[in-house]
Amino acid sequence: MDLASKYDPQIVESKWYQYWLDNKLFSSKPDSREPYTVVIPPPNVTGVLHMGHMLNNTIQDILVRRARMEGKNACWVPGTDHASIATEAKVVNRLAQEGIKKTDLTREQFLEHAWDWTREHGGIILKQLRRLGCSCDWDRTAFTMDETRSRSVIKVFCDLYNKGYIYRGVRMVNWDPQAQTALSDEEVIYKDEHSKLYHLKYYVASEDQAQVERKDEGNVMHKDEKGYYAVVATTRPETIMGDTAMCINPEDVKNTWLKGLHVIVPLVNRVIPVIEDSYVDIQFGTGCLKVTPAHDVNDHALGLKHGLETIDIFNDNGTISEAAGLYVGQDRMDVRKQISKDLEAAGLMEKVEDYDNKVGFSERTNVPIEPKLSTQWFLRMQHFADIALSPVMDDEIEFYPKKYKNTYRHWLENIKDWCISRQLWWGHRIPAYYFKDAEGKNATVVAETTEEALKLALEINPSVTAADLEQESDCMDTWFSSWLWPISVFDGINNPDNEEINYYYPTSDLVTGPDIIFFWVARMIMAGYEYRGKFPFKHVYFTGIVRDKLGRKMSKSLGNSPDPIMLIEKYGADGVRMGMMLSAPAGNDILFDETLCEQGRNFNNKIWNAFRLVQGWETTDAEQPLASKIAVEWFDAKLKEVNAEMNEQFKSYRISEALMTVYRLFWDEFSSWYLEMIKPEYGKPIDKQTYEATLKFFNSLLKMLHPFMPFITEELWQHIYDRKDSESIMRDELKLDTPSKDELSLIEAIEQVKAIVSGVRTVRNQKNIAPKVELDLNVIGQNNYETYNSVIIKMANLKAIEVVTEKSGDASGFMVGTDSFAVPVGDLIDVTAEIEKQEKELKHLEGFLAGIKKKLSNENFVANAPAAVIERERKKQSDSEEKIATLKASLAELKSK
């Protein structure tokens, strides 16, 4: 195959991805090899690729491809999540565009529309991942609502119900008025809000006005022409229609005068009691708390404790209910604005203040959540917290970075029961069935099928029929399916002893974002120990959040999130992968800059051009030059050293560091040094021994680069040697020994050689001597690098290297370590120009030194500056004085000519 003169990612990528698919190179079946298993964090089934997906899946693919090249049986399982809330919202919106309301449809009719939507839009993101080069076993693609996963979820629900962990009850939940469903605590995002604090007048009831008296000197009493009143501060005046008490702290001297009285809810005119409870924060507001048991979790607890009435003033969609009596049918946020005006108009508003507070928003729909009493299904979590905490804290499961262990521990130690029901139709329907027992009382059974439910129901009421059973209309939380993902993708719930689950489980690595550590990571660990008695994965790599170069989180609204596919088309998949990884240390946010993708593309071109250079050399049977022999021995050792370094970096999941290590190896060591050391003179052939070694090195370099840059490495690997059909770089194991002591010494010696060559090149640059002009190099005293003279002569373009006792007057000197070198320049320089240049530099240095001396002569600076800062300034002074002395000596020498 001829190699194109320029690298064209579009042609190369499509060709080799199809080749990989055609030859089933991503496929995995259980065998005698060590398994390496990764399950993809399932994206929303109707989602499209964004930069977070790009980062996460690039890292997964790097790990999977590396494992495959280590000889492991790598299995990367792809799949998607049904995303109940997000998908149902999209289906509802599309129906609305067609003039159809969800309420006009039966459940079955709505689900037909939902499946149509899923079939139409589903799977797009998985196709996009192929463009990135993801080497998933696509034959294993799973969906959280396919038959196997659905049966798994239902089976687990029934099992946990029978174990007593799942229960149904009336609880205060987080209600999403837009999605019209309950949310778990983890699905609520608290945001800082600039709100208002409304101070409302609660007049003492007319029948109690006469009983008002000052009981303590510290009483804060309010009175106007209407009588005595208490002031209540609230951020939510729209909830006063649900007030059923006012509460004070019995120890609060400001409000002891209110004890035993009744007050009137403003506008509503409902008479409510003043109750006492130490829960009330004496320091907040006026110390008087309005109690709305139906719409605040703490108020609900007070209501239960004090036997208060509960009035639910909100409909499921966030509008005001009939029970409120006022503003019925209006949106809660509109009512907040209107009621504040009405309170002002009625003289019931004491004052309004600006107030900063945190408000809970739905993680899915981004609307403020509403605390609401609701009958829901819950999973008792203490048992699961107990079995999931120690494995992470004891490093049976290892987190990278480690800092997330504390986040994990805090959540588990403060665990709350998980609300697992959602008021949705798209999802796994809760397998609970309601009917009447023999006495006509409500009864419930939970079973995997209607047939099994009927059998259980008949044990309670022998006369019940299938038609009498009413299945729960709620669905399960989407996370209740994805917490089983590492098990269910291998059918380990339905068939717990099958070959695949026994071989592939536990999985090896999980790559995910820290934002779902509670939603998903912790719960998968719980499910793993509950259903397999073992962790679901050994390592968890937490990526950072992808931000723009200004540090802002990428979002559609800001318009700062590039289209990943457009990036791939512009820079190539390998270029984009490299761009992502150049700034992606584990757990730290990624400041993405498109110029990094450009850097990735440039590196592709560097690799391509380097290969074309080598491929273009003709060979000869001539003897291997000494410089080439040394270069080959050095680079062979360097490859081993860098490979060992990368192995350590991968072990600790420093993946971006590993990329930079191999990047420097190729760009700096191989291209800039090794190829220059062995490159034949223009138009002349290279000896076969060196050429074969160079191809072997290139082969190894491609294998080291392949996990990061799969496409270009496959293309060039196929060109290095003749390959058989179906062969691929991804199955070519890289085996390199660790460097010996002698090899490490050679590497160290060549570093000194490189410093000598750089020293000569610096003299050339400083003296404006053309690279083609051959120079002499003087070694003053003793040549400790005589073994490498051939390399130094070639790389520095020298006529000879000579040992001398002292530096000549016309030579420019430099040091490498403790060894002194000099380059005689004689008539090779323009003396006048050199004098002018050095005098300019001397003037600059003298001005710089004067500034330092002035600073160090300032008593205040010396007295107050840290010792380290003063030491740095003194070091600058001594360095400047040394440079000035050298320049003056050089100038004197130049002027004497």
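1. Five bridges join strand S23 to strand S24 (residues 537–542), and these two strands run parallel; helices (H or I, at least four residues) and strands (E, at least two) are DSSP runs, numbered from the N terminus, and two strands pair if DSSP finds at least two bridges between them. Threonine 512 has phenylalanine 542 in S24 as its bridge partner.

2. This is a predicted model, in which local features need pLDDT of at least 70 and side-chain atom pairs count only at pLDDT 80 or more, while totals for chains, interfaces and linings use all residues. Residues are numbered from 1 along each chain as its sequence is written, and side-chain values use heavy atoms, with hydrogens and water left out.

3. The open sheet consists of three strands in the order S16-S24-S23, with parallel pairing. Strand S16 (398–400) and strand S23 (507–512) are at the edges, each with a single partner strand, so one side of each has no neighbour in the sheet.

4. Phenylalanine 490 and tyrosine 504 form a stacked aromatic pair, with 5.1 Å centre to centre and 15° between the planes; rings of Phe, Tyr and Trp (its six-membered ring) pair if their centres lie within 6.5 Å, and planes under 30 degrees apart count as stacked, over 60 as edge-to-face and the rest as tilted. Both residues of this pair, phenylalanine 490 and tyrosine 504, are buried (under 20% relative accessible area, with exposed over 50% and partly exposed in between, for a 1.4 Å probe and protein chains only).

5. The rings of tyrosine 541 and tyrosine 653 have centres 6.3 Å apart and planes at 50°, so this pair is tilted. Tyrosine 541 lies in strand S24, whereas tyrosine 653 lies in the loop between helix H19 (626–651) and helix H20 (655–678), 112 residues apart.
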